[in-house]
Amino acid sequence: MEIISEKNFEDKIKDGVVLVDFFATWCGPCRMMGPILEEVKEEFGDKVEIFKVDVDEDEKLARKFGIMSIPSLFIFADGKEQEKHIGLWAKNDVVSALNKYVKK
């Protein structure tokens with residue numbers, strides 16, 4: 001899964017449905033979220049983009065989004081923030097949330 005930064009963030013979220021996972025490599029729940037997001041990506045294919053932001057490497061972007069706990073997951077639709085979820089998120093819940101924004 002691609003790690004993005006402040007440099008390319010706006011460009012990456014501007015089109016379609018995008019899930020962004022704010023994480024840290026040392027975070028246990030973040031590491032557990034990784035395989036769940038891989039499964040979600042496999043299920044949605046090209047209908048959803050999933051990116052990660054390392055909060056230790058990109059503190060300015062983490063501050064901009066008010067990240068206080070990780071993992072923090074944001075869903076964007078055409079560049080606009082739609083939802084925010086803090087903590088480990090079950091696959092079925094991620095899928096349900098994304099389905100609200102994916103065009104059938």
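**A charged pair and its surroundings**

Tutor: Lys100 counts as exposed, at 56% relative accessibility, whereas Glu83, at 18%, counts as buried; here buried means under 20% relative accessible area, exposed over 50%, and partly exposed in between, with a 1.4 Å probe and protein chains only. This is a predicted model, in which local features need pLDDT of at least 70 and side-chain atom pairs count only at pLDDT 80 or more, while totals for chains, interfaces and linings use all residues. Residues are numbered from 1 along each chain as its sequence is written, and side-chain values use heavy atoms, with hydrogens and water left out.

The side chains of Lys100 and Glu83 form a salt bridge with an N to O distance of 2.7 Å, the criterion being a side-chain nitrogen of Lys or Arg within 4 Å of a carboxyl oxygen of Asp or Glu. This pair links distant parts of the chain, 17 residues apart: Lys100 is in the segment after α4, and Glu83 is in strand β4. Helices (H or I, at least four residues) and strands (E, at least two) are DSSP runs, numbered from the N terminus. Elsewhere, salt bridges with shared partners join Glu39, Glu43 and Lys91 into one network. The whole structure has eight salt bridges.

Six bridges connect β4 with β3 (residues 72-77), and the two run antiparallel; strands are taken to pair if DSSP finds at least two bridges between them. Ser72 has Ile86 in β4 as its bridge partner. The open sheet has four strands in the order β2-β1-β3-β4, with mixed pairing. Because β2 (48-54) and β4 (80-86) are at the edges with a single partner strand each, one side of each has no neighbour in the sheet. Neighbouring strands are turned against each other by 20 degrees on average, direction ignored.

Two helices accompany this sheet. Helix α2 (residues 28-44) lies across β1 (17-23), β2 and β3, and runs at about 160 degrees to β2. Helix α4 (residues 91-99) touches β1, β2, β3 and β4, and its direction makes about 140 degrees with that of β1. Contact means heavy atoms within 4.5 Å; axes are lines fitted to C-alpha atoms, for helices over the stretch in contact, with angles from 0 to 180 degrees between N-to-C directions.

Since Lys52 is in strand β2 and Asp21 in strand β1, the pair ties together parts 31 residues apart in sequence. Lys52 is buried at 11% relative accessible area, and Asp21 is buried at 0%.

Nonpolar side chains form the remaining part of the picture. A nonpolar core is a set of buried Ala, Val, Leu, Ile, Met, Phe, Trp, Tyr and Cys residues joined through side-chain atoms within 4.5 Å. The largest has 20 residues, of which Phe9, Val20, Phe22, Phe65, Ile67 and Phe76 touch the most other members. Two or more residues come from each of α1, β1, β2, α3 (59-64) and β3, and β1 gives the most, with four. Ile67 touches Phe22, Val55, Ala62, Ser72 and Phe74, residues up to four places away in sequence not being counted. Another core, of 18 residues, lies apart from the largest one and has Leu37, Ile75, Trp89 and Val95 among its members.
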